[in-house]
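I opened a new notebook page for this one. These are my entries on what I looked up, in the order I got to it.

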Amino acid sequence: MTDQLDQHYGAPGRHWVLDEPEHEQARSALARGEVYVFRLYDDTTCYMLSARPTGQTR
């Protein structure tokens, strides 16, 4: 998806791939049964990418 945005607006998405603290936040939210949402913005739009847990893993 970041390839479809101008370089400036896609940079946070490209950075996310290497952002271990953010990955830990996502894993922790999913482990608690919560939805994880990552947002990207350009001039007129907010893109929300989400992950939600499925099944019972506790």
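First, a term I need: buried means under 20% relative accessible area, exposed means over 50%, and partly exposed is in between, with a 1.4 Å probe and protein chains only. With that I checked Phe 38, which is buried because its relative accessible area is 15%.

Ground rules next. I am working with a predicted model, where local features need pLDDT of at least 70, side-chain atom pairs count only at pLDDT 80 or more, and totals for chains, interfaces and linings use all residues. Residues are numbered from 1 along each chain as its sequence is written, and side-chain values use heavy atoms, leaving out hydrogens and water.

**Entry: the overall layout**

I counted 2 helices and 2 strands in the protein. Helices (H or I, at least four residues) and strands (E, at least two) are DSSP runs, numbered from the N terminus. Read from the N terminus, the order is α-α-β-β.

Then I looked at size. The C-alpha atoms fill a box of roughly 40 × 20 × 15 Å along the principal axes. The radius of gyration is 13 Å, while a compact globule of 58 residues would have one near 10 Å. That radius is taken over C-alpha atoms, and the globule rule is 2.2 Å times the number of residues to the power 0.38. Of the 58 residues, 21% count as buried.

**Entry: the two strands**

How many bridges join β1 and β2? I found 6, and the strands pair in the antiparallel sense. Two strands pair if DSSP finds at least two bridges between them. β1 and β2 make a hairpin, with 4 residues between them. I also noted that Arg 39 stands opposite Met 48 in β2.

**Entry: the core**

The largest nonpolar core has 5 residues: Leu 5, Ala 26, Tyr 36, Phe 38 and Leu 40. β1 gives this core its largest share, 3 residues. A nonpolar core is a set of buried Ala, Val, Leu, Ile, Met, Phe, Trp, Tyr and Cys residues joined through side-chain atoms within 4.5 Å. My general note: nonpolar side chains in soluble globular proteins tend to be buried together.

**Entry: aromatic rings**

Rings of Phe, Tyr and Trp (its six-membered ring) pair if their centres lie within 6.5 Å; planes under 30 degrees apart count as stacked, over 60 as edge-to-face, and the rest as tilted. I got 1 aromatic pair by this rule. Trp 16 and Phe 38 form this tilted pair, at 6.0 Å centre to centre and 55 degrees between the planes. The pair links distant parts of the chain, with Trp 16 in helix α1 (residues 7–16) and Phe 38 in strand β1, 22 residues apart. Trp 16 counts as partly exposed because its relative accessibility is 28%.

**Entry: two more residues**

Is Thr 2 buried or exposed? Thr 2 sits in the segment before α1 and counts as buried because its relative accessibility is 16%. Leaving out residues up to four places away in sequence, Thr 2 touches Gly 10, Gly 13, Arg 14 and Leu 40, where contact means heavy atoms within 4.5 Å.

Gly 33 is in the loop between α2 (20–31) and β1. With a relative accessible area of 45%, Gly 33 is partly exposed. Gly 33 and Thr 54 are 21 residues apart in sequence, and 8.4 Å apart in space, C-alpha to C-alpha.
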